[in-house]
Amino acid sequence: MFFIIFKGFRVRSLHKKALDCVNDGFYSDALDFYQKILEIDKEDYAAWNGKGIALSNLDSEDEALVCFDIALKIEPNCHSWYNKGLILEEKFKFEDGLVAYNEALKLNQDNISLLIKIAICLTELKRYDDALKKYDEVLLIDKTSYIALYNKGIVFSHQKLYDDALKCFNKALNYFNHELYLKKDYASILSSKGLALYNLGKKKDALIYFDNALEISPDNFITWYNKGSALAELGMFDEALNCINEALNLNPEMEEAIELKPMILEKINNPKK
(Lines give C-alpha, C1' and ligand atoms only; values in the text may rest on other atoms or scores of the structure.)
Protein backbone atom coordinates (compact mmCIF):
# COMPACT_ATOMS: atom_id res chain seq x y z
CA MET A 1 0.00 0.00 0.00
CA PHE A 2 2.82 2.37 0.93
CA PHE A 3 4.48 1.77 -2.46
CA ILE A 4 1.23 2.54 -4.35
CA ILE A 5 0.74 5.79 -2.41
CA PHE A 6 4.39 6.78 -2.96
CA LYS A 7 4.12 5.93 -6.67
CA GLY A 8 1.02 8.12 -7.02
CA PHE A 9 2.72 11.00 -5.21
CA ARG A 10 5.81 10.64 -7.41
CA VAL A 11 3.73 10.75 -10.61
CA ARG A 12 1.76 13.81 -9.44
CA SER A 13 5.00 15.57 -8.54
CA LEU A 14 6.49 14.81 -11.96
CA HIS A 15 3.33 16.04 -13.70
CA LYS A 16 3.54 19.34 -11.83
CA LYS A 17 7.21 19.78 -12.70
CA ALA A 18 6.54 18.95 -16.34
CA LEU A 19 3.62 21.37 -16.55
CA ASP A 20 5.69 24.14 -14.94
CA CYS A 21 8.37 23.56 -17.56
CA VAL A 22 5.84 23.72 -20.40
CA ASN A 23 4.37 26.95 -19.04
CA ASP A 24 7.86 28.46 -18.73
CA GLY A 25 8.88 27.32 -22.21
CA PHE A 26 11.43 24.71 -21.07
CA TYR A 27 10.16 22.00 -23.39
CA SER A 28 13.23 19.73 -23.33
CA ASP A 29 13.04 19.57 -19.54
CA ALA A 30 9.30 18.91 -19.74
CA LEU A 31 9.97 16.08 -22.15
CA ASP A 32 12.35 14.48 -19.66
CA PHE A 33 9.75 14.66 -16.89
CA TYR A 34 7.02 13.16 -19.06
CA GLN A 35 9.35 10.35 -20.07
CA LYS A 36 10.00 9.60 -16.41
CA ILE A 37 6.24 9.42 -15.79
CA LEU A 38 5.83 6.97 -18.68
CA GLU A 39 8.62 4.80 -17.28
CA ILE A 40 6.48 4.50 -14.14
CA ASP A 41 3.14 4.15 -15.93
CA LYS A 42 3.08 3.76 -19.72
CA GLU A 43 -0.75 3.97 -19.63
CA ASP A 44 -0.75 7.55 -18.32
CA TYR A 45 -2.58 9.24 -21.20
CA ALA A 46 -2.02 12.72 -19.74
CA ALA A 47 1.74 12.13 -19.87
CA TRP A 48 1.50 11.04 -23.51
CA ASN A 49 -0.50 14.19 -24.23
CA GLY A 50 2.04 16.33 -22.40
CA LYS A 51 4.91 14.63 -24.19
CA GLY A 52 3.18 15.44 -27.47
CA ILE A 53 2.86 19.10 -26.49
CA ALA A 54 6.54 19.27 -25.58
CA LEU A 55 7.58 17.59 -28.84
CA SER A 56 5.37 19.86 -30.95
CA ASN A 57 7.03 22.89 -29.37
CA LEU A 58 10.41 21.35 -30.18
CA ASP A 59 9.40 21.15 -33.86
CA SER A 60 8.98 17.37 -33.73
CA GLU A 61 5.41 17.39 -35.00
CA ASP A 62 5.35 13.85 -36.40
CA GLU A 63 6.56 12.38 -33.10
CA ALA A 64 4.00 14.55 -31.30
CA LEU A 65 1.19 13.12 -33.43
CA VAL A 66 2.25 9.61 -32.43
CA CYS A 67 2.02 10.63 -28.76
CA PHE A 68 -1.45 12.12 -29.19
CA ASP A 69 -2.63 8.97 -30.96
CA ILE A 70 -1.32 6.82 -28.12
CA ALA A 71 -3.06 9.07 -25.58
CA LEU A 72 -6.33 8.76 -27.50
CA LYS A 73 -6.02 4.99 -27.72
CA ILE A 74 -5.64 4.82 -23.94
CA GLU A 75 -8.33 7.39 -23.16
CA PRO A 76 -10.35 9.40 -25.71
CA ASN A 77 -10.02 12.99 -24.52
CA CYS A 78 -10.65 16.49 -25.78
CA HIS A 79 -7.12 17.80 -25.19
CA SER A 80 -5.35 15.22 -27.33
CA TRP A 81 -7.84 15.60 -30.18
CA TYR A 82 -7.44 19.38 -30.01
CA ASN A 83 -3.64 19.23 -29.94
CA LYS A 84 -3.66 16.77 -32.82
CA GLY A 85 -5.88 19.18 -34.75
CA LEU A 86 -3.46 22.04 -34.14
CA ILE A 87 -0.58 20.15 -35.71
CA LEU A 88 -2.64 18.93 -38.66
CA GLU A 89 -3.86 22.49 -39.26
CA GLU A 90 -0.27 23.78 -39.16
CA LYS A 91 0.62 21.11 -41.74
CA PHE A 92 -2.23 22.43 -43.96
CA LYS A 93 -4.04 19.11 -43.58
CA PHE A 94 -7.36 20.84 -43.04
CA GLU A 95 -9.58 17.82 -43.71
CA ASP A 96 -7.74 15.80 -41.08
CA GLY A 97 -7.63 18.77 -38.74
CA LEU A 98 -11.37 19.16 -39.11
CA VAL A 99 -11.90 15.52 -38.11
CA ALA A 100 -9.74 15.99 -35.00
CA TYR A 101 -11.50 19.19 -33.92
CA ASN A 102 -14.93 17.63 -34.46
CA GLU A 103 -13.94 14.66 -32.28
CA ALA A 104 -12.79 17.08 -29.59
CA LEU A 105 -16.09 18.96 -29.85
CA LYS A 106 -18.03 15.75 -29.19
CA LEU A 107 -16.27 15.61 -25.83
CA ASN A 108 -16.58 19.31 -25.05
CA GLN A 109 -19.67 20.72 -26.70
CA ASP A 110 -20.16 24.47 -27.14
CA ASN A 111 -16.45 25.09 -26.69
CA ILE A 112 -15.80 28.40 -28.42
CA SER A 113 -12.15 27.71 -29.24
CA LEU A 114 -13.07 24.43 -30.92
CA LEU A 115 -15.94 25.96 -32.88
CA ILE A 116 -13.60 28.69 -34.15
CA LYS A 117 -10.94 26.16 -35.12
CA ILE A 118 -13.54 24.11 -37.01
CA ALA A 119 -14.70 27.26 -38.81
CA ILE A 120 -11.11 28.14 -39.76
CA CYS A 121 -10.59 24.70 -41.31
CA LEU A 122 -13.90 24.97 -43.15
CA THR A 123 -12.81 28.36 -44.50
CA GLU A 124 -9.50 26.95 -45.71
CA LEU A 125 -11.48 24.19 -47.44
CA LYS A 126 -13.65 26.91 -49.07
CA ARG A 127 -16.75 25.60 -47.32
CA TYR A 128 -17.76 29.16 -46.59
CA ASP A 129 -21.42 28.64 -45.73
CA ASP A 130 -20.53 25.91 -43.23
CA ALA A 131 -17.88 28.18 -41.71
CA LEU A 132 -20.41 30.99 -41.30
CA LYS A 133 -22.76 28.63 -39.46
CA LYS A 134 -20.00 27.76 -36.99
CA TYR A 135 -19.22 31.42 -36.36
CA ASP A 136 -22.91 32.02 -35.78
CA GLU A 137 -22.86 29.20 -33.20
CA VAL A 138 -20.01 30.98 -31.43
CA LEU A 139 -21.86 34.30 -31.49
CA LEU A 140 -24.95 32.68 -29.98
CA ILE A 141 -22.74 31.71 -27.04
CA ASP A 142 -20.80 34.99 -26.93
CA LYS A 143 -21.97 37.83 -29.14
CA THR A 144 -18.89 39.86 -28.12
CA SER A 145 -16.36 37.38 -29.56
CA TYR A 146 -14.24 39.69 -31.69
CA ILE A 147 -12.38 36.70 -33.14
CA ALA A 148 -15.59 35.13 -34.45
CA LEU A 149 -16.79 38.47 -35.80
CA TYR A 150 -13.44 39.19 -37.46
CA ASN A 151 -13.17 35.74 -38.99
CA LYS A 152 -16.79 35.88 -40.12
CA GLY A 153 -15.93 39.11 -41.91
CA ILE A 154 -13.01 37.35 -43.61
CA VAL A 155 -15.39 34.64 -44.87
CA PHE A 156 -17.75 37.28 -46.25
CA SER A 157 -14.74 38.88 -47.96
CA HIS A 158 -13.91 35.55 -49.60
CA GLN A 159 -17.48 35.51 -50.85
CA LYS A 160 -17.07 39.13 -52.06
CA LEU A 161 -19.89 40.21 -49.75
CA TYR A 162 -18.01 43.30 -48.66
CA ASP A 163 -20.94 45.14 -47.05
CA ASP A 164 -21.55 42.14 -44.78
CA ALA A 165 -17.82 41.89 -44.10
CA LEU A 166 -17.70 45.57 -43.14
CA LYS A 167 -20.51 45.11 -40.62
CA CYS A 168 -18.60 42.24 -38.99
CA PHE A 169 -15.34 44.22 -38.83
CA ASN A 170 -17.15 47.17 -37.25
CA LYS A 171 -18.64 44.92 -34.57
CA ALA A 172 -15.26 43.28 -33.96
CA LEU A 173 -13.67 46.70 -33.44
CA ASN A 174 -16.50 47.69 -31.12
CA TYR A 175 -16.12 44.62 -28.91
CA PHE A 176 -12.32 44.55 -28.92
CA ASN A 177 -10.93 44.73 -25.38
CA HIS A 178 -7.59 46.53 -25.53
CA GLU A 179 -6.66 45.41 -22.01
CA LEU A 180 -7.03 41.72 -22.83
CA TYR A 181 -5.99 41.26 -26.45
CA LEU A 182 -2.96 41.92 -28.62
CA LYS A 183 -2.62 45.23 -30.42
CA LYS A 184 -1.65 43.35 -33.58
CA ASP A 185 -5.08 41.71 -33.59
CA TYR A 186 -6.68 45.15 -33.52
CA ALA A 187 -4.42 46.23 -36.39
CA SER A 188 -5.52 43.19 -38.41
CA ILE A 189 -9.17 44.16 -38.01
CA LEU A 190 -8.41 47.75 -39.03
CA SER A 191 -6.51 46.53 -42.08
CA SER A 192 -9.30 44.15 -43.07
CA LYS A 193 -11.87 46.92 -42.69
CA GLY A 194 -9.70 49.05 -44.95
CA LEU A 195 -9.62 46.30 -47.55
CA ALA A 196 -13.41 45.92 -47.43
CA LEU A 197 -13.77 49.66 -48.02
CA TYR A 198 -11.23 49.43 -50.84
CA ASN A 199 -13.26 46.68 -52.50
CA LEU A 200 -16.38 48.80 -52.12
CA GLY A 201 -14.64 51.54 -54.10
CA LYS A 202 -14.04 53.77 -51.08
CA LYS A 203 -10.29 54.16 -51.60
CA LYS A 204 -9.80 57.33 -49.53
CA ASP A 205 -11.70 55.88 -46.58
CA ALA A 206 -9.66 52.70 -46.91
CA LEU A 207 -6.41 54.67 -46.58
CA ILE A 208 -7.47 55.95 -43.17
CA TYR A 209 -7.76 52.40 -41.84
CA PHE A 210 -4.57 51.21 -43.52
CA ASP A 211 -2.72 54.09 -41.85
CA ASN A 212 -4.30 53.34 -38.47
CA ALA A 213 -3.30 49.69 -38.83
CA LEU A 214 0.28 50.56 -39.78
CA GLU A 215 0.67 52.85 -36.78
CA ILE A 216 0.08 49.80 -34.60
CA SER A 217 1.71 47.15 -36.79
CA PRO A 218 4.26 48.74 -39.17
CA ASP A 219 5.72 45.34 -40.09
CA ASN A 220 2.57 44.11 -41.84
CA PHE A 221 3.61 43.86 -45.49
CA ILE A 222 0.08 43.04 -46.64
CA THR A 223 -1.24 46.33 -45.27
CA TRP A 224 1.62 48.21 -46.95
CA TYR A 225 0.74 46.52 -50.23
CA ASN A 226 -2.97 47.29 -49.88
CA LYS A 227 -2.20 50.92 -49.08
CA GLY A 228 0.07 51.08 -52.12
CA SER A 229 -2.67 49.63 -54.32
CA ALA A 230 -5.19 52.19 -53.08
CA LEU A 231 -2.77 55.07 -53.62
CA ALA A 232 -1.97 53.84 -57.14
CA GLU A 233 -5.65 53.76 -58.03
CA LEU A 234 -5.96 57.32 -56.73
CA GLY A 235 -3.11 58.36 -59.03
CA MET A 236 -0.70 59.00 -56.15
CA PHE A 237 2.10 56.98 -57.68
CA ASP A 238 5.12 58.29 -55.75
CA GLU A 239 3.41 57.53 -52.44
CA ALA A 240 2.25 54.20 -53.82
CA LEU A 241 5.81 53.25 -54.77
CA ASN A 242 7.02 54.01 -51.24
CA CYS A 243 4.38 51.66 -49.85
CA ILE A 244 5.21 48.86 -52.28
CA ASN A 245 8.91 49.24 -51.45
CA GLU A 246 8.04 48.93 -47.76
CA ALA A 247 6.07 45.76 -48.51
CA LEU A 248 9.00 44.30 -50.45
CA ASN A 249 11.50 45.24 -47.74
CA LEU A 250 9.40 43.21 -45.32
CA ASN A 251 8.70 40.38 -47.78
CA PRO A 252 10.95 40.41 -50.87
CA GLU A 253 9.06 37.43 -52.32
CA MET A 254 5.58 38.99 -52.25
CA GLU A 255 4.42 38.26 -55.81
CA GLU A 256 1.64 40.84 -55.86
CA ALA A 257 4.04 43.63 -54.88
CA ILE A 258 6.66 42.42 -57.36
CA GLU A 259 4.05 42.59 -60.14
CA LEU A 260 2.63 45.97 -59.12
CA LYS A 261 5.95 47.81 -58.72
CA PRO A 262 6.89 48.03 -62.45
CA MET A 263 3.36 49.19 -63.28
CA ILE A 264 3.71 52.05 -60.80
CA LEU A 265 7.20 52.89 -62.10
CA GLU A 266 5.79 53.03 -65.61
CA LYS A 267 3.20 55.57 -64.48
CA ILE A 268 5.88 57.65 -62.72
CA ASN A 269 8.29 57.56 -65.67
CA ASN A 270 5.60 58.07 -68.35
CA PRO A 271 2.91 60.17 -66.66
CA LYS A 272 1.22 61.09 -69.94
CA LYS A 273 0.49 57.49 -70.92
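Helix α14 (residues 237-250) packs against helix α15 (residues 255-269) at an angle of about 155°, and their axes sit 10 Å apart. That makes α14 roughly antiparallel to α15, a label used for angles over 145 degrees. The axes are lines fitted to C-alpha atoms over the stretch in contact, and angles run from 0 to 180 degrees between N-to-C directions. Helices here are DSSP runs (H or I, at least four residues), numbered from the N terminus.

A quick note on the source: this is a predicted model, where local features need pLDDT of at least 70 and side-chain atom pairs count only at pLDDT 80 or more, while totals for chains, interfaces and linings use all residues. Residues are numbered from 1 along each chain as its sequence is written, and side-chain values use heavy atoms, leaving out hydrogens and water.

Back to the helix pair. α14 passes α15 in a left-handed crossing, meaning that the near helix is turned anticlockwise from the far one by less than a right angle. On the α14 side, the residues that meet α15 include F237, L241, I244 and L248; on the α15 side, I258, L260, I264 and I268 are among them. Contact means heavy atoms within 4.5 Å. By class, this contact has 12 nonpolar, 1 polar and 3 charged residues, with Ala, Val, Leu, Ile, Met, Phe, Trp, Tyr, Cys and Pro counted as nonpolar, Asp, Glu, Lys and Arg as charged, and the others, Gly among them, as polar.

Buried means under 20% relative accessible area and exposed over 50%, with a 1.4 Å probe and protein chains only.

| Residue | Relative accessibility | Class |
|---|---|---|
| K203 | 16% | buried |
| K117 | 18% | buried |
| D59 | 62% | exposed |
| D110 | 55% | exposed |

K203 belongs to helix α12 (residues 203-216). Neighbours within four places in sequence aside, K203 touches Y198, A230, E233 and L234.

D59 has a positive phi of about 65° and sits in the loop between α3 (45-57) and α4 (61-74). D110 has a positive phi near 65°, and its place is the loop between α6 (94-107) and α7 (112-124).

Conventions:
Helix = DSSP H or I, 4+ residues; strand = E, 2+ residues; numbered from the N terminus. Parallel < 35°, antiparallel > 145°, perpendicular 65-115°, else oblique.
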